[in-house]
Amino acid sequence: GMQLMLLALYLVGLSSIEGSINLINTIFRLRAPGMSLFRMPIFVWAAMATAFLQLTFTQFIGTAFLMVVLERVMGMRFFDPDKGGNVILYQHLFWFYSHPAVYIFVLPGLGVISEVLPVFCRKPLFGYRAVALSSLGIAAGGALVWGHHMFAAGIEEWLMVPMMVTTLLVAVPTGVKVFSWLATMWMGKIQLETPMLFVLTSIIVFLIGGLTGVPQGIVPVDLYLTDTYWIVAHFHFTLFGGFVFPAMAAIYFWFPKVTGRLLGEGLGKLHWAAMSAGFFILYEPMFWLGLHGMRRRIADYDPGLGLQLPNLVSAIGAFLVALGMLIFFINL
């Protein structure tokens with residue numbers, strides 16, 4: 001069963017690489033006459049940066065899975081230290097893809113924010129070229145930070161400081177986007193319709209996700225925080241802010257263009273309110289839990305540590321997010 005799962009993931013990776021080749025070729029060879037690269041919709045820049053990441057890094061996770069299959073089926077020992085292998089090598093291959101994979105989620109979401117925001121601010125996007133190039137900057141920077149997942153895993157000491165520096169530097173192109181969004185909103189005629197509400201929540205949530213990631217990039221702080229609920233909170237703030245909330249904005253924004261029908265605005269705002277409130281109630285307590293030592297991937301914890309209430313609050317938040325999604329499906 002495990003061999004088949006690994007081979008299935010290998011095939012999904014192959015599909016991902018082929019999809020990225022398709023996108024890159026389309027963007028470079030099939031643009032409309034007169035549409036130069038710097039006249040493309042900003043979302044296409046985000047899609048292009050994502051496709052470059054998929055093309056470049058998916059093969060590494062495929063290689064890692066293939067090596068595990070060869071270990072299991074043919075007795076090769078790439079990762080077995082007793083047979084001359086290196087157990088940390090698997091983590092290097094895994095994270096060399098899996099950190100850029102986060103940006104494969106997030107970059108299209110940031111593209112959606114940059115696309116929707118000017119419409120509801122009645123202003124052009126501030127610093128179009130800088131925002132376009134920052135997508136490529138995030139893709140390039142995100143390729144050089146994989147080691148921060150491995151600070152506590154026995155990684156070579158000489159690699160820790162360079163990984164710490166690159167992790168902090170990757171915040172720079174992301175900051176370019178955030179300042180562009182703020183400048184776009186400045187003095188704009190803002191209309192608080194459902195897509196715009198989701199975009200505003202995205203920016204706030206993504207910003208908190210980014211700021212809580214900075215301490216984790218510092219080696220001694222990460223050694224304390226690693227594998228605690230702080231990581232769970234940080235990751236979900238990043239993923240919801242960079243992908244889930246922008247995806248909701250995108251659906252409400254482009255649904256009429258795709259189908260010719262408008263989603264209900266009242267239900268849309270109810271969906272936004274339940275999901276946004278639920279999200280903060282669900283994930284904010286996890287920062288506190290992580291700082292107080294609650295580990296990830298545990299089934300139970302010491303009742304004397306005072307961890308019951310924050311976990312209960314989190315559970316209530318999860319039901320609120322689910323309620324928001326139920327309203328969304330009713331709206332659809």
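Modeller: Ground rules before you ask: helices are DSSP runs of H or I with at least four residues, strands are E runs of at least two, and both are numbered from the N terminus. This is a predicted model, where local features need pLDDT of at least 70, side-chain atom pairs count only at pLDDT 80 or more, and totals for chains, interfaces and linings use all residues. Residues are numbered from 1 along each chain as its sequence is written, and side-chain values use heavy atoms, with hydrogens and water left out.

Colleague: Okay, which residues does Ala-139 touch, leaving aside neighbours within four places in sequence?

Modeller: Ala-139 sits in helix α4, residues 128-142. Its relative accessibility is 9%, so it counts as buried (under 20% relative accessible area; exposed is over 50% and partly exposed lies in between, with a 1.4 Å probe and protein chains only). Taking contact as heavy atoms within 4.5 Å, its partners are Ala-49, Leu-53 and Leu-107.

Colleague: And how far is Ala-139 from Val-219 in space?

Modeller: Along the sequence, Ala-139 and Val-219 are 80 residues apart. Going C-alpha to C-alpha, their separation in space is 23 Å.

Colleague: Is Gln-216 buried or exposed?

Modeller: Gln-216 belongs to helix α7, residues 194-216. Beyond four places in sequence, its contacts include Phe-151, Trp-230 and His-234. With a relative accessible area of 10%, Gln-216 is buried.

Colleague: In α5, what arc do the buried residues cover around the axis?

Modeller: The buried residues in α5 (157-169) are Leu-159, Met-160, Met-163 and Thr-167. They lie on the same side of α5 because, going by directions from the helix axis to the C-beta atoms, they cover an arc of only 105°.

Colleague: Which exposed residues does the other face of α5 carry?

Modeller: The buried side packs against α3 (87-121), α6 (171-185) and α8 (219-225). Turned away from that buried side is a face with the exposed residues Trp-158 and Leu-169.

Colleague: How do α9 and α11 run relative to each other?

Modeller: Helix α9 (229-259) packs on helix α11 (308-331) at about 15°, with their axes 13 Å apart. Axes are lines fitted to C-alpha atoms, for helices over the stretch in contact, and angles run from 0 to 180 degrees between N-to-C directions. Under 35 degrees counts as roughly parallel, over 145 as roughly antiparallel, 65 to 115 as roughly perpendicular, and the rest as oblique. So α9 and α11 are roughly parallel.

Colleague: Which residues of α11 do Met-248, Ile-251 and Tyr-252 meet?

Modeller: These three residues belong to α9. Their partners in α11 are Met-325, Phe-328 and Asn-331.
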